[in-house]
Amino acid sequence: MHFQLIFLLFLFPAFSYATLQTTAEFMEQSHKTRETLSKDASFKKIADELQTFEKSLNTAIQEYEKDSPLEGGDEEEKVFKLSFGFKNIFNLAKQKSASKEACEKAKHQIEFEDKSGLDEDAKLSEAAEEALKWLELLCKTF
Amino acid sequence: MRFNSCFCISLIILCSATTVLALESHSSAASVEKCINGDYNENTDFIKSIEDSIDPLRLTYLTAKSESVTPIKNSSHPPCLETDTNKKQLPYLQEIAKVATQKINSLFAPEPAAKINRECIAAAMKRNPGDTGILCTTPKSISRKNKTNQCINDNTVDYIHFAVNSAIQCMSSDDPIDSRVLLKKFNNETAFHPSIASKGGVGLGQMTSIAVNEISQGQGRYILENIAASRKTECKGFRDIAAKDLEKNPRINSKNFCPWVSPGDGLARNLIYSIGYYLTLRDQYIIPAVERRSSSLSSSKDLINDLTNISYGPEGLKQVEWILQKYRVNNKTSTQTLQSQVNKNSKYLEDTKNKMHELTCIRKDLNPAGKECENYKLTIDELKANTCISN
């Protein structure tokens with residue numbers, strides 16, 4: 001009985017850690033969802049998918065916070081920065097439609113917030129590149 | 001007739017400017033041999049390029065300089081024991097009323113930004129910023145690899161001191177610019193050498209294309225609009241450039257950095273964008289990001305300045321957002337705790353402190369590479385640059 005309890009105690013943190021989604025998993029989810037969307041998908045359809053993605057990112061960040069209430073760690077940093085890179089596209093997805101101006105503004109914001117402070121020839125992060133692909137998809141609809 | 005009078009006025013302005021320029025170049029020619037930053041004395045191209053420029057900022061500087069040496073006329077105030085006729089008392093009373101009105105108005109006017117002391121800019125300019133300097137003495141820019149430092153003399157320091165402080169006063173609004181932040185920033189990035197340019201950044205504040213776009217087309221456009229419309233005297237050297245850039249979005253062209261580093265329009269433009277970028281980051285990004293998490297923390301100017309400084313440097317905006325998330329910042333977070341965490345987590349803030357240490361050693365006549373400087377411990381006021389500003 002004692003042995004079983006100790007075993008369960010050891011298993012619990014391992015189990016809770018396993019539920020925390022990583023950046024790689026989120027990137028894969030994003031790629032797959034984007035690719036399954038048909039070329040003539042409506043603004044609403046794309047926006048719905050983005051909002052689902054935003055919810056799962058927010059849930060993951062909350063889980064990381066619960067897991068480590070005082071200070072965030074390395075994997076949380078990656079997930080948080082991925083979510084930050086998508087912030088402008090998530091905001092655009094909450095609109096009823098995308099205008100040319102709104103699309104240009106979102107593109108500038110994604111690039112600026114990703115590259116601010118970096119050298120002239122610095123490349124965009126993977127998260128910002130992925131957000132721009134979603135933007136392209138969303139902005140084809142107006 | 002109208003043409004003639006316009007022509008005469010233009011001729012007078014041109015003659016005055018030429019006279020001031022001639023006087024300036026004569027006075028500086030004598031001090032050219034004094035390269036205060038240890039560069040070789042024949043390296044006068046940069047000094048010459050400043051003296052040859054006739055842009056609005058330079059002309060404002062020369063005018064201010066010539067006015068400051070004009071002998072002060074006898075005071076219009078009557079002596080205290082003057083006869084007490086009404087006729088003589090009237091201007092005196094009017095003067096008292098004028099001063100009193102000014103005092104009352106100043107109680108309600110926004111507090112002006114503090115000025116960066118000349119001594120600190122001089123000490124910064126004696127540092128070797130260790131990057132490539134560009135000369136704009138010919139139409140094409142010349143890169144001087146491995147020889148970063150341009151020779152600078154006392155006149156160069158005077159001009160940079162005037163230009164930086166004019167820009168700070170011009171661009172300060174109800175929430176004045178914290179001059180200490182800019183001193184630390186410019187000292188860290190370029191040691192106040194306006195000619196430094198590379199793919200890492202261009203000019204005093206090391207601007208990049210993405211930062212320039214943020215001012216000309218993004219959240220910082222209001223900065224250009226405010227300068228273009230400003231009636232402040234300090235904006236005189238910057239107004240035309242702001243107005244021009246509102247019409248034609250400027251770009252950084254890696255083949256010709258001169259519109260951003262030339263002692264003429266380049267210096268004024270660089271100051272507008274460098275200080276404008278600091279204001280945009282502070283007011284449009286950092287303060288709102290902190291306020292989303294805590295309503296009280298944004299009132300700490302030191303904290304906001306540190307976070308703005310991080311976002312301005314290579315760690316960027318993303319890192320600031322992450323620091324706030326990492327330390328679970330909320331309404332219960334204490335300012336001191338967060339500030340110490342912020343400082344521990346930023347290499348850029350650490351670099352900035354090291355460069356302030358170097359600047360302070362130079363001010364105290366200590367060799368920045370020597371043991372004495374290494375052992376010198378900065379006071380809190382020196383570290384915060386409080387000793388480098390005055391009202």
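Setting aside neighbours within four places in sequence, B:I275 is in contact with B:A167, B:I168, B:M171, B:I177 and B:L182, two residues being in contact if their C-beta atoms, placed from the backbone, lie within 7 Å. The model is predicted: local features need pLDDT of at least 70, side-chain atom pairs count only at pLDDT 80 or more, and totals for chains, interfaces and linings use all residues. Residues are numbered from 1 along each chain as its sequence is written, while chains are lettered from A and ligands numbered from 1 in the order in which they are written.

B:I275 also belongs to the largest nonpolar core, which has 121 residues. A nonpolar core is a set of buried Ala, Val, Leu, Ile, Met, Phe, Trp, Tyr and Cys residues joined through C-beta atoms within 7 Å. A residue is buried if 20 or more other C-beta atoms lie within 10 Å of its own, exposed if 12 or fewer, and partly exposed in between, with C-beta atoms placed from the backbone. The members that touch the most others are A:I89, B:I121, B:A163, B:A167, B:F238, B:I272 and B:I275. Helix α12 of chain B (residues 265-293) gives the most to this core, with 13 residues; helices (H or I, at least four residues) and strands (E, at least two) are DSSP runs, numbered from the N terminus. In soluble globular proteins, nonpolar side chains tend to be buried together.

Because six of its eight residues are buried, α5(B) is largely enclosed by the rest of the structure.

Helix α16 of chain B (residues 347-363) has 17 residues, which at 1.5 Å a residue should span 24 Å, and its end C-alpha atoms are 24 Å apart, in agreement; the expected span is 1.5 Å times one less than the number of residues. Among its buried residues are B:Y348, B:L349, B:M356, B:L359 and B:I362. The buried residues of α16(B) pack against α5 (118-125), α7 (179-189), α13, α15 (335-344), α17 (371-375) and α18 (380-383) of chain B. Just after this helix, B:D365 takes a positive phi of about 60 degrees.

Chain B comes to 18 helices and six strands, and 42% of its 391 residues are buried. In helix α3 of chain B (residues 56-69) lies B:S68, which counts as exposed because it has 7 C-beta neighbours inside 10 Å.

Chain A comes to six helices and zero strands, and 31% of its 142 residues are buried. Its average pLDDT, the predictor's confidence in each residue from 0 to 100, is 88, and 87% of the residues score at least 70. Over residues 11-17 of chain A the pLDDT is below 50, and this stretch has one contact in the model beyond near neighbours in sequence. Where pLDDT is low, the predicted coordinates should not be read in detail.

The contact between the chains takes 25 residues from chain B and 21 residues from chain A. On the side of chain B that touches chain A, α8 (209-216), α13 (301-312) and α14 (316-326) each supply at least two residues. The largest share of that side, seven residues, comes from α14(B).
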